[in-house]
Amino acid sequence: MADQSNPTLGQSRSLAGPRKLSREARRIQLIEATVEVLAVRGFARVTLTEVAQRAGLSHGLVNFHFQSKDLLLTETLAYLSDEYRMHLTQALSQAGPSAAEQLFAMISADFSAHIATPPRLAAWVSFWGEAQSRPLYQARCGANDAGFIAQKEEMCAALIAQGGYDGDAVRIARVLRVTSEGVWMDMVTSANSYSPEEGLRTVLCAAAAFFPRHFNESGLIA
């Protein structure tokens, strides 16, 4: 029976596209469908049948590519993690060299049009929120998280030194990180949802509180 709260879940979609897709293209198609089902169902309630319906494919084809729900969820998290890592790495490489420019790029990347979509944010929150997914999350994302945290701490330390600010770089970096994560969760769960642009401005308010000569809620101060 279709989910009445979201009629499209129970309906085949035109995601199948050409009859003959490469194995990798079909795999990505199924992962994207899983992201959408996660957004509606949450981690624990995802089923291979609903993923197949969402993708407009047969249950057997899902089993061919992913032999179990656990494998499908593992590969979905890996896909989202790799996507985020590449997106953030690219944003940092395109930003200016100063600590303020790098920090602004890192904060802004969390609210880009591709990353901060409702299904992706909801999928991330699903992985964060389910106790059974935490070991999986740490195994797949822990190293990336540690690397990005260290980078943010270095940026904050440089800004403190350059601007003569008070504060501990590790704590400030932590506040900025948990603010971004909290805004993601709020965008998913709040009754009065708001845009990625508003989410970015919210985090920039936190950056401005620590580094008022470098940031305001609109971004970098020239």
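**View 1. E75 and its salt bridge to R27.** E75 is buried, with a relative accessible area of 19%. Buried means under 20% relative accessible area, exposed over 50%, and partly exposed in between, with a 1.4 Å probe and protein chains only. The side chains of E75 and R27 form a salt bridge, 3.0 Å from N to O. This pair joins distant parts of the chain: R27 is in helix α1 (residues 23-41) and E75 in helix α4, 48 residues apart. A salt bridge here is a side-chain nitrogen of Lys or Arg within 4 Å of a carboxyl oxygen of Asp or Glu. Helices are DSSP runs (H or I, at least four residues), numbered from the N terminus. A network of salt bridges links E24, R27, E75 and R140. The salt-bridge count comes to ten.

The model is predicted: local features need pLDDT of at least 70, side-chain atom pairs count only at pLDDT 80 or more, and totals for chains, interfaces and linings use all residues. Residues are numbered from 1 along each chain as its sequence is written, and side-chain values use heavy atoms, with hydrogens and water left out.

**View 2. R54 and E36 meet in a salt bridge.** The N to O distance is 2.7 Å. R54 lies in helix α2 (residues 48-55) and E36 in helix α1, so the pair ties together parts 18 residues apart in sequence. Both R54 and E36 are buried.

**View 3. K152, buried without a salt bridge.** K152 sits in helix α7 (residues 134-163). The nearest side chain of opposite charge, D110, is 5.2 Å away. Lys and Arg count as positive, Asp and Glu as negative; His and the chain ends are not counted. Leaving out residues up to four places away in sequence, K152 touches L103, M106, A173, L176 and R177. Contact means heavy atoms within 4.5 Å.

**View 4. R177 and E181 in helix α8.** Their side chains meet in a salt bridge, 3.7 Å from N to O. The two residues are four apart, about one turn of the helix. R177 is partly exposed, with a relative accessible area of 27%. E181 is also partly exposed, at 29%.

**View 5. The largest pocket.** Its volume is about 510 Å³. Of the 21 lining residues, W128, Y137, D145, R177 and E181 are the closest to its centre. A pocket is an open set of points on a 1 Å grid over the protein atoms alone, where a 1.4 Å probe fits, with protein on both sides within 12 Å along at least five of seven lines; lining residues have an atom within 4 Å of a point. Helix α7 gives the largest share of the lining, nine residues.

How values were computed. Grid points are joined across faces, edges and corners, and a volume is the space filled by probe spheres set on the points.
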